[in-house]
Amino acid sequence: MADYQKMYYLLCSAASKAIDASPEEAKQILRIALLEAEELYIGTCGEENGEDKSCPQE
């Protein structure tokens, strides 16, 4: 199951850091956090049922 709490913490932490950063640094901080959150989500899709890790199509 996706760890939404960890993804939320990751993104909120990045947003908090980005507020105090320069615009270019803020973009980089947020891009990295988004990629990490996506990896967390994709990496946990299907785990709870022992399925392959492909996410459902919406």
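**Helix arrangement**

Modeller: Helices H1 and H2 are roughly antiparallel to each other. Please bear in mind that this is a predicted model.

Colleague: At what angle do the axes of H1 and H2 cross, and how close do they come?

Modeller: The axes cross at roughly 175 degrees and come within 9 Å. An angle over 145 degrees counts as roughly antiparallel, so the description of H1 and H2 follows from that crossing angle.

Colleague: Which residues make the contact between H1 and H2?

Modeller: On the H1 side, the contributors include Tyr 4, Met 7, Leu 10, Leu 11 and Ala 14. On the H2 side, Ala 26, Ile 29, Leu 30, Ala 33 and Tyr 41 are among them.

Colleague: How many helices and strands does the chain have?

Modeller: There are 2 helices and 0 strands. Helix H1 covers residues 4-19, and helix H2 covers residues 23-44.

Colleague: What share of the chain is buried?

Modeller: Of the 58 residues in the chain, 19% are buried. The accessible surface of the chain is about 4700 Å², and carbon and sulfur atoms account for 57% of that area.

Colleague: And what about contacts between residues 24 or more positions apart?

Modeller: Such pairs make up 41% of the chain's contacts with a separation of 6 or more.

Colleague: Let us move to Ala 26. Is Ala 26 buried or exposed?

Modeller: Ala 26 is buried, because its relative accessible area is 12%, under the 20% cut-off. This residue lies in helix H2.

Colleague: What does Ala 26 touch?

Modeller: Leaving aside residues up to four places away in sequence, Ala 26 touches Ala 18 and Ala 21. Its C-alpha is also 8.1 Å from that of Ala 15, a residue 11 positions away in sequence.

Colleague: A change of topic: how many salt bridges does a search of the whole structure find?

Modeller: The search finds 1 salt bridge. Lys 27 pairs with Glu 24, and their closest N and O atoms are 3.4 Å apart.

Colleague: Why can such side chains pair at all?

Modeller: Side chains of opposite charge can pair when their charged atoms come close. Here, Lys 27 and Glu 24 are 3 residues apart in helix H2, so about one helical turn separates them.

Colleague: How accessible are Lys 27 and Glu 24?

Modeller: Lys 27 is partly exposed, at 41% relative accessibility. Glu 24 has a relative accessible area of 55% and is therefore exposed.

Colleague: Finally, the end of H2. What does Thr 44 touch?

Modeller: Thr 44, which is found in helix H2, touches Met 1, Ala 2 and Asp 3 when residues up to four places away in sequence are not counted. Its side chain also reaches the backbone oxygen of Leu 40 at 3.0 Å. Thr 44 counts as buried, at 14% relative accessibility.

Colleague: And where is Ile 42 found?

Modeller: Ile 42 is found in helix H2 and is partly exposed, with a relative accessible area of 46%. Although 40 residues separate Ile 42 and Ala 2 in sequence, their C-alpha atoms are 8.1 Å apart in space.

Notes
Residues are numbered from 1 along each chain as its sequence is written. This is a predicted model: local features need pLDDT of at least 70, side-chain atom pairs count only at pLDDT 80 or more; totals for chains, interfaces and linings use all residues. Side-chain values use heavy atoms; hydrogens and water are left out. Helices (H or I, at least four residues) and strands (E, at least two) are DSSP runs, numbered from the N terminus. Buried means under 20% relative accessible area, exposed over 50%, partly exposed in between (1.4 Å probe, protein chains only). A polar contact is a pair of N or O atoms within 3.5 Å; within protein, one must be able to donate a hydrogen and the other to accept it, and residues adjacent in sequence count only if both atoms are side-chain atoms. Contact means heavy atoms within 4.5 Å. A salt bridge is a side-chain nitrogen of Lys or Arg within 4 Å of a carboxyl oxygen of Asp or Glu. Accessible areas come from the Shrake-Rupley method with a 1.4 Å probe; for residues, only the protein chains shown count as cover. Axes are lines fitted to C-alpha atoms, for helices over the stretch in contact, and angles run from 0 to 180 degrees between N-to-C directions. Angles under 35 degrees count as roughly parallel, over 145 as roughly antiparallel, 65 to 115 as roughly perpendicular and the rest as oblique.
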